[in-house]
Amino acid sequence: MKKVYDVYVDAIRDHFKIFYANWPIGEPLKLGDYGIMNGKIFIKEGNIANDFNIKFQPRIDPTEDHYNFKSTGSVKVEFFPKGSYIQPGMPCIKASLKIDFSSEEAVFFNAAGIKNHSFESSGKLGDTILKMFKEGKWSEKRVIVTRLVQANSTTTIISGKSNASMSLEAESEAIPNINLADASIKLSVRVDDSVAFHIISEDGYYPMLGISGIKPKRW
């Protein structure tokens, strides 16, 4: 099996295209953070506001989105209402879901309560960075975090082998059904079989980021 971070960052990049995965997933980031790319992973060096006194106006989209995907043809998700059964002899008192993986390195990703952070104007920032580059104060290898995806609930599961599975249940018995788009529903692990990596309903993570950089003469 490949390294877990390779599986995850490749899956995020392949699915979302305009975003890169934030690794480690819980790594705190801010708009204006700059650094270099190690393959598909952003390595932070600092922040343009603190290190270069570059001012910018952040923008937060008030609309909350839901991002969800699973490896095509390799992941099956079943939902079980409160009081149903996952399998004979295993009563399900709480609402739950079961995720089955038919292949190794398959990914299930769910981010609910998404808020997208961006710049009000990236054009002015581009002009500033190009000026610094021409003055020899900026490396063309550097990139800047110009978009951030913040989630109120992030769940990521990666299979360690084929036929891996994980069962999750709602933390509260008051929840009749699990809605993956509902960020207020917290989940806990009920059964874990051959899962290589998991983060379950973590709050406030930045699972993805968008970056901008320069090529000589243009932003």
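This is a predicted model: local features need pLDDT of at least 70, side-chain atom pairs count only at pLDDT 80 or more; totals for chains, interfaces and linings use all residues.
Strand S10 is largely enclosed by the rest of the structure, because 12 of its 13 residues are buried.

With strand S4 (residues 58-60), S10 pairs in the antiparallel sense over 3 bridges. Arg59 has Ser118 of S10 as its bridge partner. Strand S5 also runs antiparallel to S10, and 5 bridges join the two. Here Lys70 stands opposite Phe108 in S10. Strand S12 (residues 153-159) is joined to S10 by 6 bridges, again with the strands running antiparallel. Asn110 finds its bridge partner in Thr155 of S12. Finally, S10 and S11 are paired in the antiparallel sense over 4 bridges, and His117 stands opposite Leu148 in S11.

In soluble globular proteins, nonpolar side chains tend to be buried together. The largest nonpolar core in this model has 21 residues, of which Tyr8, Ile12, Phe16, Tyr67, Phe69, Phe109 and Met208 touch the most other members. The greatest contribution is that of H1, with 6 residues.

Once its neighbours within four places in sequence are set aside, Phe69 is in contact with Ala11, Ile12, His15, Phe16, Val107, Phe108 and Phe109.

Side chains of opposite charge can pair when their charged atoms come close. Across the whole structure, a search finds 8 salt bridges. One of them brings together the side chains of Lys40 and Asp10, with an N to O distance of 3.0 Å. This pair links distant parts of the chain, 30 residues apart: Lys40 sits in the loop between strand S2 (33-38) and strand S3 (41-47), and Asp10 in helix H1. Lys40 counts as partly exposed, at 31% relative accessibility, and Asp10 is also partly exposed, with a relative accessible area of 22%. Lys2, Asp10 and Lys40 are linked in a network of salt bridges.

A second salt bridge is formed by Asp33 and Lys44, whose closest N and O atoms are 3.6 Å apart. It links distant parts of the chain as well, with Asp33 in strand S2 and Lys44 in strand S3, 11 residues apart. Asp33 is buried, at a relative accessible area of 0%, whereas Lys44 counts as partly exposed at 44% relative accessibility.

Glu169 and Arg190 form another salt bridge, in which the closest N and O atoms lie 3.1 Å apart. The pair again links distant parts of the chain: Glu169 belongs to strand S13 (residues 164-170) and Arg190 to strand S14 (residues 187-193), 21 residues apart. With a relative accessible area of 15%, Glu169 is buried, while Arg190 is partly exposed at 27% relative accessibility.

S13 and S14 also belong to an open sheet of 4 strands, in the order S6-S9-S13-S14 and with antiparallel pairing. Strand S6 (75-80) and S14 stand at the edges with a single partner strand each, so one side of each is left without a neighbour in the sheet. On average, neighbouring strands of this sheet are turned by 20 degrees against each other, direction ignored. Within the sheet, S9 and S13 run antiparallel and are joined by 6 bridges, with Met166 in S13 as the bridge partner of Ile99.

Strand S9 (residues 96-101) is also the place of Lys98. Lys98 counts as buried because its relative accessibility is 18%, and the cut-off for buried is under 20%. The side chains of Lys98 and Asp100 are joined by a polar contact of 2.5 Å.

Technical notes: Residues are numbered from 1 along each chain as its sequence is written. Side-chain values use heavy atoms; hydrogens and water are left out. A nonpolar core is a set of buried Ala, Val, Leu, Ile, Met, Phe, Trp, Tyr and Cys residues joined through side-chain atoms within 4.5 Å. Buried means under 20% relative accessible area, exposed over 50%, partly exposed in between (1.4 Å probe, protein chains only). Contact means heavy atoms within 4.5 Å. A salt bridge is a side-chain nitrogen of Lys or Arg within 4 Å of a carboxyl oxygen of Asp or Glu. Two strands pair if DSSP finds at least two bridges between them. A polar contact is a pair of N or O atoms within 3.5 Å; within protein, one must be able to donate a hydrogen and the other to accept it, and residues adjacent in sequence count only if both atoms are side-chain atoms. Axes are lines fitted to C-alpha atoms, for helices over the stretch in contact, and angles run from 0 to 180 degrees between N-to-C directions.
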